[in-house]
Amino acid sequence: MFVSLKYLAAASALLLGAASAKAIDLPVKSIDGKDYYYYSVKTGDTLYSISELTGISTDDIKRTNPNVANGLSKGSLLLFAVDDFDNGIVRHTVKKNETVFGIANLYKVTPEALIEANPQAERGVRSGMVLTIPRGSYSATKLAVRPADSKPVADYTPADAPASAPAPLPLTHKVEAGETFSFIALKYGLSTDDLVDYNPFVDPHHMPVGTVLRLADDAPLVLQTPESRLREIRKSDITETAERLPSASSTSGSNSETAADAENRAAETAILVLQPFMTDDDAMTRPTQLVTDFYRGLILAADTLAGESGQHVTIVAADTKGDAANTLSIINDTMRSLADNESSLSAIIAPEDATQLDEICKIAAELGIYVFNPNNIKDETYLTNPYVIQANITQQDMYDKAIDAFMERYDGFIPVILDHEGDRNEKAHFVTALTDSFGQKGITPITINFSGSLSDDDLAGLNDTDRYVFIPMTGSLSTFKRFATALIKLRAAETGESRFALFGYPDWVTFRGDALENLHMLDATIYSRFFLDESSYEAKEVADAFTRWYGTEMLEMVPSQAILGYDTGLFLIRALRHNNGSLDNLENFRSFRGTQSTFRFDRVDDGGYVNKALYIINFKPAGQCSVDVL
């Protein structure tokens, strides 16, 4: 990948007047008949600082100048072939593990713009693919190219200049328009490595105006401006008094605010995340790690929507410390704080704990604030409380929709119930309801009782002409393994389209390895409240962004709490913007399908909202999944 020096040079003529950072001249020289841009290494230069100054990535500096692997020497030349810049068109050669989202973020363009310029990238990118970067997409200009025969202007310091005592180093610096990471480091006599160490949660390539940088170890921790990214959850960020954190903003890094922006800011609303973050504990337990992952995903969603126009939505976080009695004071304090900033509280994301959830729902109903319940599946407060949003489809609705989907998909099949001796048969309620539906059509399912592993003898009663769909009485992995091999053998003996299918349960979305492969071999279909296709473009982009932000991968959990937080954030922010900061009439906002969850809410008579969406997933033999949302 090469950054186009010619293009940046042309752009610099337009932008240089607005930038306070000094531009660097790159001359051109001819070597063996080929033109090269070149940079002369100076004392104190590092690969990172040169990358910042030239706009060329450190990887490209290393690739085009292999000698830098032995270190940088003052006066040595770094060369960049002019021909490689393709007449001002910036091109990027995809490297291993790169994604559309990551490449777009590198060049500060939207994934949509990158795909529009490169339609072949719509279904993802692969190593070696060459992408065209859309013109006019750069957020800063780093270079000015001058003719080969011009000479660099040396820095000049009068020999008799009086010595002066160095001014005391301030503890922080607020980023101004045009400033870069390396420029700020040089300004204060720091190395870029030092500045990175002092600000580990700041992206050097994404520093909107107003970002506060620490310049020393003893500098105070600073909550970044709403436009900046949250890189890590710290105890100073989440307190029982609810500190304000980064918002989903319609502007990012802009030096001027339009009338529409001002109106949006004045109408700012907020989402309060009330979770047991347990910030007083020295070690994070598994439950604490999961709620932290959820919150991180939520913040990632806020940043994803930061470039969209519309009402400002602020994310506020507070630690319930697992104490239900503490929630009232938290909510009141938050509302007072928001009111002081001419903002209002529109939604609370509640914890899973039933006692805390119940207390929050009572308070919210009195205050007229909606409570979003993402995790407590069994809670039925929404039936009587008009301000509760149950994010999960109820068990009865789930069974009804799954049975309807089954009857339509397997019309003409004979149902075969697999009953393994000694199992809990926890799906008996579903199987009974399914059997009743068949009974209404005059069909009596076949029941196969077996012990140990399902055998050929157990299947001997099936004929050679009818089509059969197998339904186990349990969703357990151990029982699945007991019957999967026999059913795979049964299908393998078929020629053409198989007469045998398998219908299963939400538990199976957790299957990995051989069990997952067997689901595909069996052409299995399941129903579930959620579904994450980890190989999909969307899932990879979210996972990559999460790792890039927080320096760690999402916790392995089904469903993924990080992606649940991400989907929740996207939905709530867009719903609030869609309805002028209110979650009233949520049934009119039914078009949301996230990376892992789909939200389609209906209002219950005299109650709140409940999600009606259900996934029907078919594991195709080719290794893909067909997904419908009912």
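1. Residues 24 or more positions apart account for 69% of those contacts in the protein that have a separation of 6 or more. The model is a predicted one. It holds 17 helices and 26 strands.

2. Of the protein's 630 residues, 50% count as buried. The accessible surface comes to about 29800 Å², and carbon and sulfur atoms hold 49% of that surface.

3. Salt bridges number 11 in a search of the whole structure. Side chains of opposite charge can pair when their charged atoms come close. One of the bridges joins Arg409 to Asp628, with 3.6 Å between the closest N and O atoms. Arg409 belongs to helix H12 and Asp628 to strand E26 (residues 625-629), so this pair ties together parts that are 219 residues apart in sequence. Arg409 is partly exposed, at 34% relative accessible area, and Asp628 is partly exposed at 37%.

4. Asp333 is partly exposed, with a relative accessible area of 26%.

5. Asp319 and Lys321 also meet through their side chains in a salt bridge, at 3.6 Å from N to O. Asp319 is buried, with 0% relative accessible area, whereas Lys321 is partly exposed at 26%.

6. On the surface, Asp400, Asp404, Glu408 and Asp411 gather in a patch of negative charge. Glu408 lies in helix H12, which covers residues 395-409. Glu408 counts as exposed because its relative accessibility is 68%, and exposed means over 50%.

How values were computed:
Residues are numbered from 1 along each chain as its sequence is written. This is a predicted model: local features need pLDDT of at least 70, side-chain atom pairs count only at pLDDT 80 or more; totals for chains, interfaces and linings use all residues. Side-chain values use heavy atoms; hydrogens and water are left out. Patches are made of residues with over 30% relative accessible area and no salt bridge: like charges are joined within 9 Å, nonpolar side chains (Val, Leu, Ile, Met, Phe, Trp, Tyr) within 5 Å. Accessible areas come from the Shrake-Rupley method with a 1.4 Å probe; for residues, only the protein chains shown count as cover. A salt bridge is a side-chain nitrogen of Lys or Arg within 4 Å of a carboxyl oxygen of Asp or Glu. Lys and Arg count as positive and Asp and Glu as negative; His and the chain ends are not counted. The place of a charge is taken as NZ of Lys, CZ of Arg, CG of Asp or CD of Glu. Helices (H or I, at least four residues) and strands (E, at least two) are DSSP runs, numbered from the N terminus. Buried means under 20% relative accessible area, exposed over 50%, partly exposed in between (1.4 Å probe, protein chains only). Contact means heavy atoms within 4.5 Å.
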